[in-house]
Amino acid sequence: MPRIGDPAPAFTAPTTQGEINFPADYQGKWVILFSHPADFTPVCTTELMTFASMQQQFATYNTELVGLSVDGLYSHIAWLRTIKDKIAFRGLKDVEIAYPVIEDVSMEVAKKYGMIMPGEDSTKAVRAVFVVDPQGTIRAIIYYPLSLGRNFDELLRVVKALQTADHFGVATPADWRPGEPVILSAPGSAGTAEERMRGRMDKTHCEDWFFCTKELTAEEVESAIRTTSDAGL
């Protein structure tokens with residue numbers, strides 16, 4: 001199973017949008033690679049529809065979506081057609097899944113990414129999420145059991161927080177959203193921090209020598225990490 005900071009394991013696979021070579025085909029982009037347990041299942045259906053409804057939002061932050069299950073390509077295609085033709089969920093209907101969904105009947109990709117957890121199910125992938133950066137490095141991993149649908153606002157928040165941390169050289173606190181203070185890196189010593197506290201850098205506040213925050217407006221963050229305009233959202 002790959003870990004945070006590792007290169008994303010490479011593979012070539014057929015998908016509903018043609019063959020992909022991962023992560024090479026996505027060089028220069030962020031990617032959310034996610035697995036679902038099976039086609040024609042209700043929780044997975046709600047997740048694919050929600051991802052589809054947010055695809056343009058993720059694209060605004062230079063982020064592509066790639067799905068996977070251990071079903072075959074014809075099953076994927078039939079399921080996605082059924083979703084578009086018949087399924088309504090939370091006001092979503094006539095939803096077309098335009099991002100690729102990987103065929104992985106052999107479970108080769110799922111096993112390579114540690115998506116098969118026998119204690120949960122030996123023949124289905126759990127709900128795994130891998131956030132991969134533009135250099136092909138795994139930056140975040142989130143796992144959910146088969147019975148629990150994912151929180152998609154959180155997945156978008158993770159992307160924004162990672163990009164903010166990279167761009168500004170900061171960390172983000174619990175429940176951070178753009179517009180809230182960010183965390184400055186801890187200094188090498190208490191003495192160095194005390195000097196920083198006395199200096200009171202612009203927009204910086206220190207609770208103690210190890211705990212300093214900095215104000216970043218939502219406009220500053222969004223301007224730095226957005227890659228497209230709001231047009232069409």
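Partly exposed means a relative accessible area between the buried limit, under 20%, and the exposed limit, over 50%. R139, at 22% relative accessibility, therefore counts as partly exposed. The model is predicted. In it, the count comes to 11 salt bridges and 12 aromatic pairs.

**Salt bridges around R139**

- R139 meets D133 in a salt bridge, with 3.3 Å from N to O.
- D133 is buried, because its relative accessibility is 7% and the limit is under 20%.
- R139 also meets D166 in a salt bridge, here with 2.8 Å from N to O.
- R139 sits in strand β9 (residues 138-144) and D166 in helix α4 (residues 152-168), so this pair ties together parts that are 27 residues apart in sequence.
- D166 counts as partly exposed, at 43% relative accessibility.

**Other salt bridges**

- D121 forms a salt bridge with K124; the closest N and O atoms are 3.9 Å apart.
- D121 has a relative accessible area of 18%, so it is buried.
- K124 has 29% relative accessibility, so it counts as partly exposed.
- A network of salt bridges links E47, R127 and R150.

**Aromatic pairs**

- F34 and F51 form a tilted pair, 4.3 Å centre to centre, with 35° between the planes.
- F34 belongs to strand β3 (residues 30-35) and F51 to helix α1 (residues 42-60), so the pair ties together parts that are 17 residues apart in sequence.
- F34 and F51 are both buried.
- F51 pairs with F58 as well, and this pair is tilted: 5.9 Å centre to centre, 55° between the planes.
- F51 is buried, with a relative accessible area of 0%.
- F58 is buried too, with a relative accessible area of 0%.
- Ring pairs also link a cluster made of F11, F22, Y26, Y113, F130 and Y143.

**Nonpolar surface patch**

- W209, F210 and F211 make a nonpolar surface patch of about 300 Å².
- F211 lies in strand β12 (residues 211-214).
- F211 is partly exposed, with a relative accessible area of 36%.

Conventions
Residues are numbered from 1 along each chain as its sequence is written. This is a predicted model: local features need pLDDT of at least 70, side-chain atom pairs count only at pLDDT 80 or more; totals for chains, interfaces and linings use all residues. Side-chain values use heavy atoms; hydrogens and water are left out. Patches are made of residues with over 30% relative accessible area and no salt bridge: like charges are joined within 9 Å, nonpolar side chains (Val, Leu, Ile, Met, Phe, Trp, Tyr) within 5 Å. Accessible areas come from the Shrake-Rupley method with a 1.4 Å probe; for residues, only the protein chains shown count as cover. A salt bridge is a side-chain nitrogen of Lys or Arg within 4 Å of a carboxyl oxygen of Asp or Glu. Helices (H or I, at least four residues) and strands (E, at least two) are DSSP runs, numbered from the N terminus. Buried means under 20% relative accessible area, exposed over 50%, partly exposed in between (1.4 Å probe, protein chains only). Rings of Phe, Tyr and Trp (its six-membered ring) pair if their centres lie within 6.5 Å; planes under 30 degrees apart count as stacked, over 60 as edge-to-face and the rest as tilted.
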